[in-house]
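Hi everyone, thanks for making time today. Let me put the sequence and the model up, and then we can walk through a few spots together.

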Amino acid sequence: MKRRDFLKTAGTTSLAAPLALASTTSTSTAGSISQDGLTITWLGSATMLLTCGDLTLLTDPCFGEGDKAFKMGDPNEMFDLVKGPNIKFHRRLTPFQGIDLDSVDHVLVSHMHEDHFDQEAEARLAKNIPMIAPTHDLDTLTQKGFSNLSSLAWGEKKTITKGDVTVEITAIRADHSENPEIAAILGEGNGYWLTFNRGDWSYSVYWGGDTFGTKPVVAALEPLGSPDLFIPHLGSVGTTGPLGQISMNAGDVAVFAALLKPKKILPLHHSTYELYLEPIHHLAEALDGAPYGLDLVSEGTPVTYT
């Protein structure tokens, strides 16, 4: 069995409605895309649109809605590690805000678990859309019919230019568990360091993917310095199942952020699905008094960073 396929074999607490724009230290563009800086629109889960000038990137596409938003093993349920988890449909608690796929230039994939690349996105995305993914997942995407693929192993880079905008993308190690044996079962994934350049303006983003701030991950990030924006995944997924915790909780993010020293934090991977166990207000509490801005935004709200 391929390690990535593990979740395909064989009491939650979440927000039941889209999160209100509770806290933001950046500029909310009230439904429009700014022509200045970098505009990020969170669409739920780990799905974002990152727009700079004429360039738009889509991350971890998940478009499914309702009680059958996607189908995957449930890491929050107890199961036999030999037989694998119960494969089931997972419920989305928030409405999908919609997307204009014609505006998307590239898709950036952290890994191929179905809560990051769901069945609805697989059906809707054009098979020739340019896509960047971990080397580990290249065969899976090819088997699904996608043909315009670039793979990045940890430390490798790719540069994309459109108009007067250039973004350099560096693949960063992502550890899906702090337990190396569990991380190996779940398969390799990527985080990404993105540096956007437009004229004299430059902005750095570290999107962690499903990672913890393990020693190898922190070591990989040290040469890059502190990002302007840190985008962590939360949810505390798996804490009630046999794999243990496989996504960060608020305390993990607080510790990781103290090492990274970002200027701002935009959390993802919370509130959208019943799969996510920890309410996002825990992060606001954990970061109370921290020296960086925390942006908590509702799904579909564009926020601009300059």
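Tyr206 is buried, because its relative accessibility is 0%; buried here stands for under 20% relative accessible area, exposed for over 50%, and partly exposed for anything in between, with a 1.4 Å probe and protein chains only. Before I go further, this is a predicted model, in which local features need pLDDT of at least 70 and side-chain atom pairs count only at pLDDT 80 or more, while totals for chains, interfaces and linings use all residues. Residues are numbered from 1 along each chain as its sequence is written, and side-chain values use heavy atoms, with hydrogens and water left out.

Let's stay with the aromatics for a moment. How many aromatic pairs does the structure hold? There are 11 aromatic pairs. For a pair, rings of Phe, Tyr and Trp (its six-membered ring) need centres within 6.5 Å; planes under 30 degrees apart are stacked, over 60 edge-to-face, and the rest tilted. One of the pairs is Tyr206 with Phe256, edge-to-face at 6.1 Å centre to centre and with 75° between the planes. The two partners come from distant parts of the chain, 50 residues apart: Tyr206 belongs to strand 13 (residues 201-207) and Phe256 to helix 5 (residues 250-260). Helices and strands are DSSP runs numbered from the N terminus, helices being H or I with at least four residues and strands E with at least two.

Phe256 is buried too, as its relative accessible area is 2%. Phe256 also pairs with Phe230: the ring centres are 5.2 Å apart and the planes sit at 70°, so this pair is edge-to-face. Phe230 is in strand 14 (residues 229-231) and Phe256 in helix 5, so the pair ties together parts 26 residues apart in sequence. Both Phe230 and Phe256 are buried.

Leu221 is part of helix 4 (residues 215-221), and with a relative accessible area of 2% it is buried. From Leu221 to Tyr206 is 15 residues in sequence and 9.1 Å in space, C-alpha to C-alpha.

Lys127 lies over the face of Phe146, 4.2 Å from the ring centre; the criterion is NZ of Lys or CZ of Arg within 6 Å of the ring centre and within 35 degrees of the ring normal.

On to the backbone. His269 is not a glycine, yet its phi is positive, at about 65°. Where does His269 lie? In the loop between strand 15 (264-265) and helix 6 (281-286). His269 counts as buried because its relative accessibility is 1%. That loop also holds Ser271, another non-glycine residue with a positive phi, near 70°. Ser271 is buried at a relative accessible area of 6%.

Next, the inside space. The largest cavity has about 70 Å³ of space. Its lining has 12 residues, and Asp115, His176, Asp210, Val237 and Ile246 are the closest to its centre. By class that lining has six nonpolar, four polar and two charged residues; Ala, Val, Leu, Ile, Met, Phe, Trp, Tyr, Cys and Pro count as nonpolar, Asp, Glu, Lys and Arg as charged, and the others, Gly among them, as polar. For the method, a cavity is a set of points on a 1 Å grid over the protein atoms alone where a 1.4 Å probe fits but cannot get out, and lining residues have an atom within 4 Å of a point.

The second largest cavity has about 50 Å³. Of the 11 residues lining it, His111, Ala174, His176, Gly189 and Asp210 lie nearest its centre. This lining divides into one nonpolar, seven polar and three charged residues.

Last stop: Asp67. Is Asp67 buried or exposed? Asp67 counts as exposed, because its relative accessibility is 56%. Asp67 sits in the loop between strand 4 (55-59) and strand 5 (70-73). Beyond its neighbours within four places in sequence, Asp67 contacts Phe89, His90 and Arg91. Asp67 and Tyr273 are 206 residues apart along the chain, with 9.8 Å between their C-alpha atoms.

Thanks, everyone!

Conventions:
1 Å grid on protein atoms, 1.4 Å probe; cavity = no way out; pocket = protein on both sides within 12 Å on 5 of 7 lines; lining within 4 Å. Points joined across faces, edges and corners; volume = space filled by probe spheres on them. Contact = heavy atoms within 4.5 Å.
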